[in-house]
Amino acid sequence: MTLRIIATGGTFDKHYDEIAGRLAFGDSHLPEVLKRARLTMPVALEADHLMDSLDMTDEDRQRILQSCQQASEQAIVIIHGTDTMRETAEVLGAADLNKSIIFTGAMIPYEIANSDAMFNLGFACGVAKLLPAGVYVAMNGQVFTWDNVQKNRVAGVFATVETTL
């Protein structure tokens, strides 16, 4: 079974621009990450329109939905910015695509020391093959359904909606 990975940007794929002293987008880190991860399953990688999730529009979310609808793969991992991951997951959850769709991302960019990007991607790829059809968020070793997850900006983690951190 082939796994589709859709990269939309977010902190995961940001590069540090040392001249400007800020994070920005360049080429996706995903080809390098996938090589380092040594996945043994076939992967179809889609890495277009990398952006900060705070800049994402309804049109961008519809484009992600269309990619999932058109994908022949039943297991899909979407790398997404953590700030609006829940909003995009809601669009896909409402579409009821009968596929296992896993959102993941990173709090620290892949190329920065102590990044959580590699772990979160590996975890998401593993659960994508195991979970039944539905839309999920996989972050920091936990899986949440799309309709019961929130980002705790103070703690820098995801939790269920009813969890008080």
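How many salt bridges does the count come to? The count comes to 7 salt bridges, where a salt bridge is a side-chain nitrogen of Lys or Arg within 4 Å of a carboxyl oxygen of Asp or Glu.

1. Basis. This is a predicted model, in which local features need pLDDT of at least 70 and side-chain atom pairs count only at pLDDT 80 or more, while totals for chains, interfaces and linings use all residues. Residues are numbered from 1 along each chain as its sequence is written, and side-chain values use heavy atoms, with hydrogens and water left out.

2. Glu46 and Arg4. The side chains of Glu46 and Arg4 form a salt bridge with an N to O distance of 3.0 Å. The pair links distant parts of the chain, 42 residues apart: Glu46 is in strand S4 (residues 43-51) and Arg4 in strand S1 (residues 3-9). Strands (E, at least two residues) and helices (H or I, at least four) are DSSP runs, numbered from the N terminus. Glu46 is buried, with a relative accessible area of 19%, and Arg4 also counts as buried, at 17%. The classes are buried under 20% relative accessible area, exposed over 50% and partly exposed in between, with a 1.4 Å probe and protein chains only.

3. Asp83 meets Lys151 in a salt bridge of 3.0 Å, N to O. This pair links distant parts of the chain: Asp83 is in the loop between strand S5 (75-79) and H3, Lys151 is in strand S9 (residues 150-152), and the two are 68 residues apart. Asp83 is partly exposed at a relative accessible area of 24%, and Lys151 is partly exposed at 23%. The side chain of Asp83 also meets that of Arg153 in a salt bridge, with 2.5 Å from N to O. Arg153 lies in the loop between S9 and strand S10 (157-159) and Asp83 in the loop between S5 and H3, so this pair ties together parts that are 70 residues apart in sequence. Arg153 is exposed, with a relative accessible area of 55%.

4. Salt bridges that share partners join Arg4, Glu46 and Glu73 into one network. Side chains of opposite charge can pair when their charged atoms come close. Glu73 is found in the loop between H2 and S5. Is Glu73 buried or exposed? At 8% relative accessibility, Glu73 counts as buried. The C-alpha atoms of Glu73 and Ser100 are separated by 9.2 Å, and these two residues are 27 residues apart along the chain.

5. Packing of H2 and H3. Helix H2 (residues 58-70) packs with helix H3 (residues 85-95) at an angle of about 45 degrees, and their axes are 10 Å apart. Axes are lines fitted to C-alpha atoms, for helices over the stretch in contact, and angles run from 0 to 180 degrees between N-to-C directions. H2 and H3 are therefore oblique to each other. Angles under 35 degrees count as roughly parallel, over 145 as roughly antiparallel, 65 to 115 as roughly perpendicular and the rest as oblique.

6. Asp58. Asp58 is placed in helix H2 and counts as exposed at 63% relative accessibility.

7. Positive phi values. Asp96 has phi near 50 degrees, a positive value in a residue other than glycine. Asp96 is found in the loop between H3 and S6 and is exposed, at 66% relative accessibility. Asn114 likewise is not a glycine and has a positive phi of about 65 degrees. Asn114 sits in the loop between S6 and H4 and is exposed, with a relative accessible area of 72%.

8. Nonpolar patch. Tyr16, Leu23 and Ile112 make a nonpolar surface patch of about 260 Å². Patches are made of residues with over 30% relative accessible area and no salt bridge; like charges are joined within 9 Å, nonpolar side chains (Val, Leu, Ile, Met, Phe, Trp, Tyr) within 5 Å. Accessible areas come from the Shrake-Rupley method with a 1.4 Å probe, and for residues only the protein chains shown count as cover. Ile112 is found in the loop between strand S6 (100-104) and helix H4 (117-128) and is partly exposed, with a relative accessible area of 33%.
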